[in-house]
Amino acid sequence: MVSWCLDELQGAGGLVDRLGHTHGGQVYLRGLGASWLPSKYGDKYRHGLVQGPASSVFVSRGLGEAGVPLRANAPHAQHGIVVNCAPGYADTDSAADRDAAHLFETFQNRWVLDPLLKGEYPADLWRYWKGAEPLVLDGDMDLIRRPIDYLGINFYSRAVLRSQGPDTIDWVRHPEVERTTMDWEVYPQGMQDLFEAFQRDYPDLPPIYVTENGMSSHDAVDGAGQVDDVQRQAYIKRHFAACSRAMDHGVDVRGYFIWSLMDNFEWAFGYERRFGLVHVDFDTQQRTLKRSALAYADFLAERRASSTA
């Protein structure tokens with residue numbers, strides 16, 4: 001269930017109408033409405049998720065309220081939430097820059113995760129967003145913090161921050177570091193740092209799924225009909241290694257999804273940004289497996305062979 005495509009889902013008898021209603025651009029899930037998906041699709045309904053900003057108390061509360069009928073109608077399904085997370089690093093070791101990094105992680109990560117896993121909003125959030133405290137009704141946090149089966153994390157990069165004064169942050173761009181065509185820094189260590197911080201800060205952390213991780217690059221089919229996306233191959237390998245190190249340190253990671261299978265329409269960037277393991281010629285729709293796809297297939301084959309040996 002994705003909260004971004006409301007125009008396609010609204011209308012009498014539509015999915016949103018069956019699920020509940022909307023408020024401020026978010027789907028508000030009613031317990032009764034939430035029973036429709038698993039009851040309609042039965043055993044085909046395996047994973048329920050809420051994806052999107054996930055910042056509104058309405059979405060978080062809806063996830064908690066929907067849990068009872070979802071579990072009743074699909075007891076074998078897994079239900080969770082997917083959030084975009086990133087670690088923040090201080091540009092210098094000054095107290096002010098360290099505080100800027102803390103404020104970044106507060107609104108980027110803890111704004112969503114603290115209510116879900118601790119039953120409260122982080123107090124420092126209102127230092128950065130002064131006067132923005134949401135309306136929280138009696139019983140809201142009890143619903144919001146109901147257990148979830150998994151936490152989906154979309155991870156791409158990190159942020160480097162410095163302070164411009166009390167309760168402020170400023171993003172720092174170091175030009176010498178490796179970047180993707182999205183201008184995002186390639187920093188695999190950030191995944192390990194983030195996962196281990198969550199394990200430390202949330203005693204009730206559910207199993208993690210990496211629901212998005214990948215990079216965009218300028219990919220083209222060469223004269224031999226191949227796409228040798230060298231940077232993506234290294235990117236995936238290094239992020240797998242970072243995830244593996246976190247798992248070695250006790251983080252429970254259950255799955256890993258690369259973004260994306262094919263080059264696609266990337267939001268405001270349209271067809272300019274290629275994230276896929278499979279190259280798509282948007283004029284002819286010809287698909288070509290990139291070297292990263294072939295390497296990934298070899299990796300999976302080796303995993304299967306080792307697991308059955």
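This is a predicted model: local features need pLDDT of at least 70, side-chain atom pairs count only at pLDDT 80 or more; totals for chains, interfaces and linings use all residues.

Residues are numbered from 1 along each chain as its sequence is written, and side-chain values use heavy atoms, with hydrogens and water left out.

The protein has 11 helices and 12 strands; these are DSSP runs (helices H or I, at least four residues; strands E, at least two), numbered from the N terminus. Of its 309 residues, 47% are buried, meaning under 20% relative accessible area with a 1.4 Å probe, protein chains only. The accessible surface comes to about 15,900 Å², and 53% of this surface belongs to carbon and sulfur atoms; such areas come from the Shrake-Rupley method with a 1.4 Å probe. Among contacts (heavy atoms within 4.5 Å) between residues at least 6 apart in sequence, 66% join residues at least 24 apart.

Three strands form an open sheet of mixed pairing, in the order E5-E7-E8. Strands pair if DSSP finds at least two bridges between them. Strands E5 and E8 each have a single partner strand, so one side of each is left without a neighbour in the sheet. Strands E7 and E8 run antiparallel and are joined by two bridges; Arg162 stands opposite Asp170 in E8.

| Strand | Residues |
|---|---|
| E5 | 88–90 |
| E7 | 159–162 |
| E8 | 170–171 |

Thr180 lies in the loop between strand E8 and helix H9 (189–201). Thr180 is buried, with a relative accessible area of 10%. Not counting residues up to four places away in sequence, Thr180 touches Val186, Met215, Ser216 and Gln231.

Key:
Buried means under 20% relative accessible area, exposed over 50%, partly exposed in between (1.4 Å probe, protein chains only).
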